[in-house]
Amino acid sequence: MAEILARHAGREGALLPILHDVQAALGHVPEAAIRAIAQALNLSRAEVHGVVSFYHDFRTDPDPRPVLKLCRAEACQARGSEALAAGLGDPAGVRVETVYCLGLCSVGPNAMIGEVVHARLDAGRLAALVETLA
Amino acid sequence: MTAAAPIVRISDDALALACGADAVAAAFAAQGCTVHRVSSRGMHWLEPLAEIDGQGFGPLGPDDVSAVLAGTSPKAVGPVAAHPFLARQQRLIFARAGITRPLDLDDYAATGGWAGLEQARALGPAATLAAVTASGLRGRGGAGFPAGIKWQTVADAPGATKYIVCNADEGDSGTFADRMVMEGDPFLLLEGMAIAAQAVGAGQGYIYVRSEYPHAIRKLRAAVELAAPRLAPFAVEVRVGAGAYVCGEETSLLNSLEGKRGEVRAKPPLPALAGLFGRPTVVNNVLTLASVPWILAHGAEAYQAIGFGRSRGTMPIQLAGNIRHGGLFEVGFGITLGELVHDIGGGTASGRPVKAVQVGGPLGAYHPPADFHLPFDYESFAAADGLIGHAGLVVFDDSADMRAQARFAMAFCAAESCGKCTPCRIGSTRGVELLDRLGAADRQPRAPDAVEALPQMRNAAKAPRGSAAEIALLEDLCETMKFGSLCALGGFTPYPVLSALKHWPEEFGA
């Protein structure tokens, strides 16, 4: 925590970069981190909490499951993402998150695992991806 | 170069990677080929596309490589540059697409890179501003505001500290042109930002990229490092969003950059006068800034000569959704919607008839084939109750449920609303409820609820509401959102809803 805060010392508008680093290091932003960040940036805990809760990327509770982000925006809907999502359901051991657009809108349906993107998914390919995670 | 070991060019942008380009590149390398990882041509249905001596092959899998090298591949598509999809385009922003390696400074300089910045430095700020104004360049983020006027406002604003902010929070479904610039030609964007900085007197620039674009973030950060000596004294930093669609709105983006909740600010004050940290700030979309180097290098008149009506220059149109030949099509304004969908896009990928085309992202209207005569420019689409937005086209075939699409527009607004203004925050949820009621299978006229029955609710209907009354209520709600919201999220969500209702009323039970 101290190391992350030191890395961003003196930077303008440092809160989001700090939160990204904390989330990357710990997988979530715990209450203790919010206290430390508030202290370092001379903000109230409420202000930091407000920012953490505003953005979809940050979470305050740990969830060790691997994440699959499935795009369900319009372009993927037009290529069948809704049927894929319905068929996938809530597989055990994997957190399936909805993402609105990965910018691969001509080759959907698409998904992202970590920073790896996958296009032209069908039910079989999606199930195989989930299998690699579970 | 010998025939045994040709140079193979394969894209390394996120879309090519998602389609399996790395495995194809590795298969070519294993056969002794030299592989150059270049930007994408934008012919997405052919990705992964390999180019050998100008001949294209795609879409390839690793198993196709031997046949390609033996000259027997059925996936040969002929000379790439002469492909009709590319030959019909006029590429200014994407002139290097598929040609250069994104992070190769020599490739960039050899293809006219930095000429615009050198010209701007030779001309000085006043003449640079005059050139951008004279070119007629309008903001490509959606609003279409003249870039020259914005820059002039910032240049004239008092204060020693000014900022250039590049809005790279490309959240609209059906759009990927910003991503392709950032991943395919990042130096072009940096050059455009440096020209803007020189013109308005800014020392620091920020690129705000959405977190869903990790490849773009990596390429931009590498490019900033490589180009720093060229850009100096102007400095650029890449900042990453955190999954909030509304941060594509410029004032919300500025709050996010400052480390706050991405809530929209009321305007005025304009960001040009009181933007990032209260300082005069140019906020421009990626494509706007990426258009600038060409304008400086070739002159405002040459740019002004391309286009249609008050929309000058080229627009990188993104063909997406259920379309056979999806990809990036940069062309002067004025091409018709029908040409884009049928002649260039080849109709639907599913082979079924086109039912609707959503133009301009999640806040854009759904257009039926009856609108296919519309020329692609800001004013024509506005006159047809639509917008071109960031120029993404999402094609739907006849299996689309338009009430469900209208409901999604409201649900998306509810999920992404920043919560600052009431019409957007609450109106979107009421809209979802209304559209659910309209879609219920066993729908009966709805009796007034507890609030509607209160004596002080004089304007609320006391009789049970049938379909017609519910639709009138939906139209009323859309009116409130359109004119009462602070920004385009709540203000434009009515576009997809009302257009679906207007063109496909039978699906709403009307």
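**Domains and contacts in a two-chain model**

In chain B, 15 residues of domain 3 are in contact with 14 residues of domain 4, contact meaning heavy atoms within 4.5 Å. The structure is a predicted model, in which local features need pLDDT of at least 70 and side-chain atom pairs count only at pLDDT 80 or more, while totals for chains, interfaces and linings use all residues. Residues are numbered from 1 along each chain as its sequence is written, chains are lettered from A and ligands numbered from 1 in the order in which they are written, and side-chain values use heavy atoms, with hydrogens and water left out.

The domain assignment divides chain B into domain 1 (7-81), domain 2 (105-304), domain 3 (313-397) and domain 4 (405-508); such bounds come from an automatic or database domain assignment. For chain A, the assignment gives domain 1 (2-54) and domain 2 (67-133). The C-alpha centres of these two domains of chain A lie 30 Å apart.

The interface between domain 3 and domain 4 of chain B can now be followed in detail. The C-alpha centres of these two domains lie 27 Å apart. The size of an interface is often given as the accessible area lost when the parts come together. Here the area buried between domain 3 of chain B and domain 4 of chain B is about 1,200 Å², and carbon and sulfur atoms give 68% of that area. Buried area is the accessible area (1.4 Å probe) that two parts lose on being put together, summed over both. In domain 3 of chain B, the residues that lose the most area to domain 4 are B:Lys355, B:Leu363 and B:Tyr366, together 50% of what that side buries.

The rule finds two salt bridges between domain 3 and domain 4 of chain B, a salt bridge being a side-chain nitrogen of Lys or Arg within 4 Å of a carboxyl oxygen of Asp or Glu. The side chains of B:Glu507 and B:Lys355 form a salt bridge at 2.6 Å, N to O. Four residue pairs are in polar contact between domain 3 of chain B and domain 4 of chain B, both residues being at pLDDT 80 or more. A polar contact is a pair of N or O atoms within 3.5 Å; within protein, one must be able to donate a hydrogen and the other to accept it, and residues adjacent in sequence count only if both atoms are side-chain atoms. On the side of domain 3 that touches domain 4 of chain B, the elements that give two or more residues are strand S14 (354-359) and strand S15 (366-367) of chain B. The largest share of that side, three residues, comes from S14(B). Helices (H or I, at least four residues) and strands (E, at least two) are DSSP runs, numbered from the N terminus.

Buried means under 20% relative accessible area, exposed over 50%, and partly exposed in between (1.4 Å probe, protein chains only). Among the buried residues are B:Tyr495, B:Val497 and B:Leu501.

Two single residues complete the tour. B:Ser311, in strand S11 (residues 311-312) of chain B, is buried, with a relative accessible area of 0%. Its side chain reaches the backbone nitrogen of B:Tyr378 at 3.3 Å. B:Lys260, by contrast, is partly exposed, with a relative accessible area of 40%.
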